[in-house]
Amino acid sequence: MRRCLIAVVLLTACSGAVSTTTGAASSSTTASGPTTSIPSLVECDNPPYRIGEFPGAVQGAATDPSLIDLDVFTSIGGTRSIFWVDAEGNLSLALVRGALPPVDWPGEKGEVMVAGVRGVAGPHQDGKWVVAWYEGTGEERCDLYMLVFYPPVTPDEVEASVASVTRTEE
């Protein structure tokens, strides 16, 4: 039941402003049994990180999420995301607070440091690179972070971007 609920939340997520929140509203369902209430997801605050060096494909400042197609990494309910695009407006980089990758990590991954915090990084079969880490204890959803790098991107660009991430004050 919990997996079904998570899948529904992932499928029904929507986007808002440049630094956007996606989420699901409270709902009740009645079947032949008792009524079940599903609480609203709590919005995460903006990610307290700054990226100092972007992959070569990134063009300009963060973009309006209504201009891009969200995917399984960026359309997670209750998250707060910042997106950057390439010269043609294609999604190039996403910084997401509130979730780690919602799919199996089929490729190899290695340990990295993100602003002094231990994380993991690795390629996915579709050409994306993902970096994921916990801040604090990782017990709260908003303690979870990820960077998603969209192709074309090289491992060297991913490494340079990850090394340039610094923590800012919230």
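Reply: The side chain of S75 reaches the backbone oxygen of D71 at 2.6 Å. This is a predicted model, in which local features need pLDDT of at least 70 and side-chain atom pairs count only at pLDDT 80 or more, while totals for chains, interfaces and linings use all residues. Residues are numbered from 1 along each chain as its sequence is written, and side-chain values use heavy atoms, with hydrogens and water left out.

Me: Where does S75 lie, and is S75 buried or exposed?
Reply: S75 lies in the loop between strand 4 (49–50) and strand 5; strands are DSSP runs of E with at least two residues, helices are runs of H or I with at least four, and both are numbered from the N terminus. S75 counts as buried because its relative accessibility is 12%. Buried means under 20% relative accessible area, exposed over 50%, and partly exposed in between, with a 1.4 Å probe and protein chains only.

Me: What about D126, which side chain does its side chain make a polar contact with?
Reply: The side chain of D126 makes a polar contact with that of K128, at 2.7 Å. A polar contact is a pair of N or O atoms within 3.5 Å; within protein, one must be able to donate a hydrogen and the other to accept it, and residues adjacent in sequence count only if both atoms are side-chain atoms. D126 is in the loop between strand 8 and strand 9, and counts as partly exposed because its relative accessibility is 45%.

Me: How far apart are D126 and P151 in space?
Reply: They are 8.5 Å apart, C-alpha to C-alpha, and 25 residues apart in sequence.

Me: Changing topic, which residues have the most contacts inside the largest nonpolar core?
Reply: Those are V131, W133, L147 and F149, in a core of 19 residues. A nonpolar core is a set of buried Ala, Val, Leu, Ile, Met, Phe, Trp, Tyr and Cys residues joined through side-chain atoms within 4.5 Å. Strand 5 (80–85), strand 6 (91–97), strand 9 (129–134), strand 10 (144–149) and helix 2 (155–164) each supply at least two residues of this core.

Me: What is F149 in contact with, leaving aside its neighbours within four places in sequence?
Reply: The residues in contact with F149 (heavy atoms within 4.5 Å) include P55, L93, W129, V131, V158 and V162. Apart from this core lies another, of 15 residues, among them F83, L91, V130 and Y150.
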